[in-house]
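Please find below a short note for a colleague new to this structure. The points may be read alongside the sequence and the model.

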Amino acid sequence: MIIRTEAIVLRTLPYGETSLIASLFTRAKGRLSVMAKGARLPGSRFGGTLQPPSCLQVVFYYRPTRELQTLSESSFAQYLSELGRNLEKLTLSLRMVELAHALLPPEEPMPEFF
């Protein structure tokens, strides 16, 4: 099943030489992990979108039997330019995404929290 939804990047980890595993909090499926193949290559279709705490519009392939979904597209839904200019706001937003990653149950939609 192909899902298009809004998401907030909670965390990213390098995987292999060229890919990233990203933990996202999505409006449609809650917290889940996705594989972004080739995201670390220059000129990647993901660009610089997969950085916490980016607000994105994402498309991913969802299979309920998998713990790791496959990310197909990502683009900024809301550009948070103010965070880059204010260290206090950036620190607070990064703390919030770390808390969300630690406390939210996997694959349980919570639109009121989103």
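1. How many residues lie between strand 4 and strand 5 in the hairpin that they form? In this predicted model, six residues separate the two strands of that hairpin. Strand 4 and strand 5 (residues 68-78) run antiparallel and are joined by seven bridges. Within this pairing, valine 58 has serine 74 of strand 5 as its bridge partner.

2. Strand 4 (55-61) also pairs with strand 1, in the antiparallel sense and over seven bridges. Here the bridge partner of isoleucine 2 is tyrosine 61 in strand 4. Five of the seven residues of strand 4 are buried, so the strand is largely enclosed by the rest of the structure.

3. Strand 2 (residues 19-26) and strand 3 (residues 30-36) run antiparallel, with seven bridges joining them. Threonine 26 has glycine 30 of strand 3 as its bridge partner.

4. Threonine 49 deserves a separate point. Threonine 49 belongs to the loop between strand 3 and strand 4. Is this threonine 49 buried or exposed? Its relative accessible area is 6%, and because buried means under 20%, threonine 49 counts as buried. Its side chain makes a polar contact with the side chain of serine 74 (2.6 Å). Beyond its neighbours within four places in sequence, threonine 49 is in contact with residues including Val9, Leu56 and Phe76.

How values were computed:
Residues are numbered from 1 along each chain as its sequence is written. This is a predicted model: local features need pLDDT of at least 70, side-chain atom pairs count only at pLDDT 80 or more; totals for chains, interfaces and linings use all residues. Side-chain values use heavy atoms; hydrogens and water are left out. Two strands pair if DSSP finds at least two bridges between them. Helices (H or I, at least four residues) and strands (E, at least two) are DSSP runs, numbered from the N terminus. Buried means under 20% relative accessible area, exposed over 50%, partly exposed in between (1.4 Å probe, protein chains only). A polar contact is a pair of N or O atoms within 3.5 Å; within protein, one must be able to donate a hydrogen and the other to accept it, and residues adjacent in sequence count only if both atoms are side-chain atoms. Contact means heavy atoms within 4.5 Å.
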